[in-house]
Amino acid sequence: MGSILFCFILLIIFVYFLINSINMENLRDVDPIGASGIPTFILFILVALLIYTLIKEIVKYKKNKEKTNHNALFTKPALIIMIITVGIAIFILVLNKMGFFLSCLFLTPLLLVLLGSKSKIQIISFSVGIPILFTFLFGNILSIPLPKGIGIFSEISNFIY
């Protein structure tokens, strides 16, 4: 059942992208394929393959309907994956407001605990070390600008890098 839902969600997303790529501004006078030619072609293939996979998964589900355990929808691994997904979504939403460094300070321990890290020393060291390493690597060495945040978060980020 999960694979059917996953295929259906991907199908909706890729159909949305396909419609947007078809409706892109057409500059065929300059280029015969246009700016959206290759993405439209790739998205069309993806949508066709997803429809095929969705039909195949539905047929497989109907054949094995009696053997499927419907009570095990919220198992521990599925719950961990959902919490990680929500954590990453929250990280993305607060990234521009809090800045990269402070957002990583909150995301890293959550991921470490959910992925099974037991040692508190390891959790604390990775939670502080990973944001410092990435901030130093991308912000200073590679000169790639990272989100610094708004207000007091921007001041903290300016102090760090």
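Start by selecting residues 5–22: this span is 100% helix and 0% strand, and its end C-alpha atoms sit 26 Å apart. Helices here are DSSP runs of H or I with at least four residues, strands are runs of E with at least two, and both are numbered from the N terminus. You're looking at a predicted model, where local features need pLDDT of at least 70, side-chain atom pairs count only at pLDDT 80 or more, and totals for chains, interfaces and linings use all residues. Residues are numbered from 1 along each chain as its sequence is written, and side-chain values use heavy atoms, without hydrogens or water.

Next, pick Y16 and F17. The whole structure has 2 aromatic pairs, and Y16 with F17 makes a tilted one, 5.9 Å centre to centre with 50° between the planes. Rings of Phe, Tyr and Trp (its six-membered ring) pair if their centres lie within 6.5 Å; planes under 30 degrees apart are stacked, over 60 edge-to-face, and the rest tilted.

Are these two buried or exposed? Y16 is exposed at 51% relative accessibility, while F17 is partly exposed at 40%. Buried means under 20%, exposed over 50%, and partly exposed in between (1.4 Å probe, protein chains only).

Now jump to helix α2, residues 37–63, and find I45. I45 is partly exposed, at 37%.

Finish on residues 123–144, which are 86% helix and 0% strand, with end C-alpha atoms 27 Å apart. The unreviewed UniProt entry annotates "transmembrane region" over spans including 5–22, 34–55 and 123–144.

Conventions: UniProt positions renumbered as here; feature names shortened; annotations may be inferred.
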